[in-house]
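I opened the model today to look up two things. The notes below cover the nonpolar core and the salt bridges.

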Amino acid sequence: MAARYLAQIIVLGGQVVGRAFAKALRQEIQASQQAAKQRGGGQAGAKAASANSISGMTVEEAQKILNVSKLDAAAIEEKYKHLFEVNDKKKGGSFYIQSKVVRAKERLDSELKMAKDAEGRKITSENRSSGDPQT
């Protein structure tokens, strides 16, 4: 009799855990799809995800590290130079923070390059559709 109750408890517990896992998985998939749509979806979203995984940080995190609100090359370079020099090990700075500053600049530089490439492709496709012979 006790073995029967124990088996029922184990089966019910397994069902509860299985349902919770399935629900969490559905939520994760939905969140991932929503994030891809926000990043442009398709190939643009895949490139952004690839850049995030390569650099180990998102654009937002890199902007916070360098304290910039827009993707402006001059402002990024200025903040980078200042933070890099301030965190120089010889001046009593932190090598860890200095490396984070370098990675943040690399991430923002790659984002600027992707934006520039996308803009170039957009102009090229507009020229083709308008029949402009310059391309």
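My entries follow in the order in which I looked things up.

**Ground rules.** I am working from a predicted model, in which local features need pLDDT of at least 70 and side-chain atom pairs count only at pLDDT 80 or more, while totals for chains, interfaces and linings use all residues. Residues are numbered from 1 along each chain as its sequence is written, and side-chain values use heavy atoms, with hydrogens and water left out.

Entry 1: Buried here means under 20% relative accessible area, exposed means over 50%, and partly exposed lies in between (1.4 Å probe, protein chains only). This core has 11 residues: Met57, Val59, Ala62, Leu66, Val68, Ile76, Tyr80, Val101, Val102, Ala104 and Leu108. Helix 5 gives the largest share, 4 residues. I take helices as DSSP runs (H or I, at least four residues), numbered from the N terminus. In soluble globular proteins, nonpolar side chains tend to be buried together.

**Entry 2: salt bridges.** I counted a salt bridge where a side-chain nitrogen of Lys or Arg is within 4 Å of a carboxyl oxygen of Asp or Glu. The count comes to 5. Side chains of opposite charge can pair when their charged atoms come close.

**Entry 3: Asp109 and Lys105.** Their side chains meet in a salt bridge at 2.7 Å, N to O. The two residues are 4 apart in helix 5, so about one helical turn separates them. Asp109 is partly exposed at 32% relative accessibility, whereas Lys105 is buried at 13%. I also found Glu77 linked with Lys105 and Asp109 in a network of salt bridges.

**Entry 4: Arg107 and Glu111.** Is Arg107 buried or exposed? Arg107 is buried, with a relative accessible area of 1%. Its salt-bridge partner is Glu111, with the closest N and O atoms 3.0 Å apart. Glu111 is buried as well, at 12%. Both residues lie in helix 5, 4 residues apart, about one turn of the helix.

**Entry 5: Asp117 and Lys113.** I noted a salt bridge between these side chains at 3.3 Å, N to O. Asp117 and Lys113 both lie in helix 5, and 4 residues, about one turn, separate them. Lys113 is exposed at 53% relative accessible area, and Asp117 is partly exposed at 34%.

Key: Core = buried A, V, L, I, M, F, W, Y, C linked by side-chain atoms within 4.5 Å.
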